[in-house]
Amino acid sequence: LTDAAAVSGAERETAAVSFLYGLGDTGHSWADALSTVRLPHVKSICPHAPRIPVTLNMKMDEAGIKKAAENIQALIEHEMKNGIPANRIVLGGFSQGGALSLYTALTCPHPLAGIVALSCWLPLHRAFPQAPPRPALCTCFDTC
């Protein structure tokens with residue numbers, strides 16, 4: 001699993017929110033923000049991405065997107081093994097993190113509780129001629 005900053009719930013955790021950040025950030029800043037809205041039964045997880053070379057203007061390679069999605073799906077499976085069902089896990093993110101959240105949620109074999117995708121796009125969008133219906137709050141300002 002990827003290294004992550006986490007904010008524990010105050011009581012027994014029965015749900016999780018995994019939030020991914022955009023280029024140049026870390027999971028720590030989003031964990032700090034999510035700690036201000038700490039919910040009693042919700043664990044907040046903000047994974048750190050590995051450091052790799054990047055390109056500008058949303059030119060993400062297909063293999064890299066799929067590998068990153070596999071890492072996030074492993075995080076989801078880890079939470080499921082720890083007793084949080086997939087339908088109690090929300091996946092979200094900002095910018096590149098939102099893009100990866102959309103792609104991962106739409107390719108995940110488990111139906112999630114929802115997707116929060118802020119200021120992002122759907123990578124490899126041609127692979128989704130008609131995206132399956134999933135609950136989502138999508139505030140995409142770019143190409144979604």
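In this predicted model, helix α1 spans residues 27-35, and its buried residues are G27, A31 and L34. These residues cover an arc of only 65° around the axis, which puts them on the same side of α1. The general rule fits here. An α-helix has 3.6 residues a turn, so residues three or four places apart point the same way. What lies over that side?

Take β2 next. S18 sits in this strand. Its relative accessibility is 1%, and buried means under 20%, so S18 counts as buried. Which residues surround S18? Leaving aside neighbours within four places in sequence, S18 is in contact with I45, P47, L75, V90, L91 and G92.

Now turn to helix α2, residues 62-81, where E79 has its place. Is E79 buried or exposed? E79 has a relative accessible area of 5%, which means that this residue is buried under the 20% cut-off. Its contacts, not counting residues up to four places away in sequence, are K43, I45, I84 and I89.

A15 is 64 residues away from E79 along the chain, yet their C-alpha atoms are separated by 9.0 Å.

How values were computed
Residues are numbered from 1 along each chain as its sequence is written. This is a predicted model: local features need pLDDT of at least 70, side-chain atom pairs count only at pLDDT 80 or more; totals for chains, interfaces and linings use all residues. Side-chain values use heavy atoms; hydrogens and water are left out. Buried means under 20% relative accessible area, exposed over 50%, partly exposed in between (1.4 Å probe, protein chains only). Helices (H or I, at least four residues) and strands (E, at least two) are DSSP runs, numbered from the N terminus. The arc is that of the directions from the helix axis to the C-beta atoms. Contact means heavy atoms within 4.5 Å.
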